[in-house]
Amino acid sequence: MTLDEIKPDQECEIVDITSEGIMGQRLLDMGFIPGTRIKVIRNAPLVDPVEFELKGYNISLRHSEAKQVEVTLL
Amino acid sequence: MSDKSGSILVALAGQPNSGKSTIFNMLTGARQHVANYPGVTVEKKTGSFCLKDDRVELVDLPGTHSLTSYTLEERIARDFLLNDKPVAVVDVLDASNLERNLYLTFQLAEMDIPLVIDLNMIDVAEKRGIKINTQKLSQELRAPVVSTVGNKGKGKKRLKEAILSTSKKGQATPFRINYGDDLEAILDSLEKRLSEETEISTRYPIRWLAVKLMENDEEAQRLVMKYSQKSEIILRLAEEKREAFTMEHKKSPQKVIAITRHQEAQRIVEASVIRKKEITRTLTDRIDQVACSRYLGPVILVATIYLIYELAIVQGYKLTEYTWPALAWSRDLIASLLPSEGFIFDPFFRSMPIWVVDGTIAVLNYVPIFLILFALIAILEDTGYMARMAFILDRIFRYFGLHGQSVLPMVIGGLYVGGCAIPGVLACRGMKDEKARLATIMIVPLMNCLAKIPFYVLLIGMFFAAYKGIAMFFITTITIIIALSVAKILNLTVLRKKLSAPFVMEMPPYHLPTTGGVLRRCLERTWLFVKKIITIVILVSVIVYVLIYFPGISKERKTHYISQLDHAQQTFFKKIGKDNLYAGLMAGDNLMEFTRYWRDYKKAKMVAKSKKAKEAIDQEFREKNFEFFKIVKRGKYEVKGEMIKDKHAKKVYNAYKKLSKNTNKLRREIKEETIITSYMGRAGLFIEPLTRWAGFNWRVNIALMSSFAAKESSVATLGSIYQSPPGEKHRLEERMKEKEKGWTSLHVLAIMLFMAMYPPCIPTLLMVKVETGSIKWMLFATFYPIVLGTIIAVLVFTGGNLLGLSGMQAMIAFYILALILLVLMGLIKREPEFT
Ligand SMILES: Nc1nc2c(ncn2[C@@H]2O[C@H](COP(=O)(O)OP(=O)(O)O)[C@@H](O)[C@H]2O)c(=O)[nH]1
Ligand SMILES: [Mg+2]
């Protein structure tokens, strides 16, 4: 499954990043690498974007971007 | 490399929010200089400090997470390190987030420049139970490590010493990441190949270049093409290796490199950090549970926006009432230094400089507002709430090709009533998404800036007096509706090819901002603004002056006016008679002197409010010239405690009053004639056949055109075009109504809408130029509003006339039309493109 499908308060682990180019690089730079645990904190009031916690800090992505991250639910 | 003056060039790098700016300020103090990196709009701060006999020149690089060539900031940081070749790099790390910060450190190390590690925010780390073994870390990274607390100035001396000793000694064996056997073998072969090329290998660190080629970095490829004879072979080799590696490992080298860096960071943190407690963000989390919640989040956001508006625009405007007298005083001071005025014709070197000064202080008048605005923006940035605003609003703004971060510039520009486009455009700085940033810059001037408000109030008072509230609501909200549609249209057309950026946005923990930091930033930005704007405003107002006052009235007309003046003066002398005691006093040049005295006295009396102030003015003018004083007091004055009634003086007063009225009338006629026959006046007449479709006659054309220098002048120009007949004191809207008998509320609605879409004022355009770095965008920002405003005005006026609508009906119809367009625009799908 992909990261955009995970609900708030659920935790998952990153399997892979499916996008290349700037989007892929940006995610890699921010620490979205395979094996990293990631927790969904909350959706924005209008559902998009969504806030995550990984490696002790928080980051927000749009759902369309979170779709590029493959995960498994923990 | 040391520069000519013998100072040592050092760069300051770090990830955003690591406290880089704080460290920069701590090291350099007040010795700073702000400019832009060549050709781009990213701020470049340079500062210096001295230690013993050495002077270190410190350059603040943009804060970045990485050093790819995908974003402007990263490219700038990288190019500076590659091309300017600083002797050392200070890497500022957030000690409480060490693992993530090391990711950048590794990339800096790869560039073969000696590193100094600054473990900043050590206090925060300690509070979170993180203890860092700096010795171990220093061993691992093979670089000196200094802990600092930037906002308390702790560690300043040790950091300076480390910078100096590293700059002198260099670094024996720089830190290297091992990317794994397979990749290392490839890198080896690439490095060997590259080192055979003398030019490129002396210019750039070859290991860095090899890594970048494996990352498929476009800029690195360009460097190879530029500086290597056998670039094709090298690039082909790199590509083959990349493909082979991807086939074999099912992962691109780019991904493996990033993963290895993160793993290495993790390893180093495990080796050098003792974590006593689990990481907690409790306070931030608790705040965000409310601040980002479904229902309360938007409420808090609206409240914050309202507070910004209230504090900066409303209270700031009140503050200008206190600063205005100072500006007015300086204007009078300058005026007193200029050649003095005449009866009806003022010398060029008086009227032109005064015009310029008036235009300049009209802009300077807003400085208090800017100060408050910039301070509030700095607070929003420092606390971390800015990111939350973007988080909450992104969804809405994205429908229109904007970004969550677009909201602040729009609020500052005047989302509701009153703002200023200049700081609004400036606030677009730092938006990562280039496409959304440009769209925001283009629409901020459509907001309702403070200077448009008096114009609206005037026109609404003329024809919508019965519906004041509704009309004001209409004009202030229609601008948002139109602006959002415009943003989407731009997004689909001229901005189509511009790069969009992923949203990926950090949500930093909340921070209490420091007074010093906020103050510094607010003063810095205000000063930047004042410096830039003033020169341009002066230049442009000279041009506008020439357009409005030249070629001037003809010789015949001039003699005509002079003979009229002569006539009026003769009447004056006849009236007071030869026997009048003051006849001699008024004769010859003295009349001009008295005229000045009279004008000054009237002006001073008009400004004075309290009885006491009025008395003080009397005293002052009495001392200045007692004889003149007797006359301006209508012959009623005090001598040694006795009230005197001086019939002669009273007679002179009455006669002069008549004369003054006549001269003022002449002055007004001259002014009107000058404007009408001026270049701008001719242009206004010339385009009247066209603008008639929008309901504008030539008078309106002139007023609208002259607003271009500063919208403040629109009402003033109307004031001089629609002058009240002498002796009557009608308000401007009554005078306009009197002169424009044929006007309906449709005319006024069209004019108002055109003003709402009016092109940005010169200072704003200058900001657009600065922030987009391009004249083309500046010109676009000038002309598209004119086209848009004309279309809308014609639509409303001609369309409304054809349908036989009243102004009110047309207003409602147009509002509905705009809303429909807005919804349609929002519905158009747009796929984000990043490449
Ligand atoms: N507690 C603490 N706060 C710091 C320290 N250094 C900087 N700050 C604060 O962190 C915030 C961000 O700092 P700034 O220099 O703007 O970060 P930059 O984005 O890297 O330029 C500011 O509010 C600073 O006052 C530090 O050592 N300790
Ligand atoms: Mg900074």
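## Strands 1 and 2 of chain A

In this predicted model, strand 1 and strand 2 of chain A run antiparallel and are joined by three bridges. Within this pairing, E11(A) stands opposite K39(A) of strand 2. Strands here are DSSP runs of E with at least two residues, and helices are DSSP runs of H or I with at least four residues, both numbered from the N terminus. Two strands count as paired if DSSP finds at least two bridges between them. Strands of a sheet pair through backbone hydrogen bonds, in either a parallel or an antiparallel manner.

Residues are numbered from 1 along each chain as its sequence is written, and chains are lettered from A in the order in which they are written. Local features need pLDDT of at least 70, side-chain atom pairs count only at pLDDT 80 or more, and totals for chains, interfaces and linings use all residues, while side-chain values use heavy atoms, with hydrogens and water left out.

Strand 4 of chain A and strand 10 (residues 505-506) of chain B run antiparallel and are joined by two bridges. In this pairing, S60(A) has M505(B) as its bridge partner.

## The interface of chains A and B

Contact, defined as heavy atoms within 4.5 Å, involves 33 residues of chain A and 39 residues of chain B. The two chains bury about 3800 Å² between them, 59% of it on carbon and sulfur atoms. Buried area is the accessible area (1.4 Å probe) that two parts lose on being put together, summed over both. In chain A, the residues that lose the most area to chain B are I22(A), P45(A) and R62(A), together 20% of what that side buries.

Five salt bridges (a side-chain nitrogen of Lys or Arg within 4 Å of a carboxyl oxygen of Asp or Glu) are found across the interface. One of them joins R398(B) to D48(A), with the closest N and O atoms 2.3 Å apart. On the side of chain A that touches chain B, strand 1 (11-17), helix 1 (21-29), strand 2 (37-44), strand 3 (47-54) and strand 4 (57-61) each supply at least two residues. Helix 1 of chain A gives the most, with eight residues. By class, this side has 16 nonpolar, seven polar and ten charged residues. Ala, Val, Leu, Ile, Met, Phe, Trp, Tyr, Cys and Pro count as nonpolar, Asp, Glu, Lys and Arg as charged, and the others, Gly among them, as polar.

## Backbone features

D48(A), which forms the salt bridge with R398(B), is joined to P49(A) by a cis peptide bond with omega of about -5°. P49(A) lies in strand 3 of chain A. In chain B, the peptide bond from F550(B) to P551(B) is also cis, with omega near 5°. P551(B) is found in the loop between helix 23 (515-549) and helix 24 (555-576).

D9(A), in the segment before strand 1 of chain A, has phi near 75°, a positive value in a residue other than glycine.
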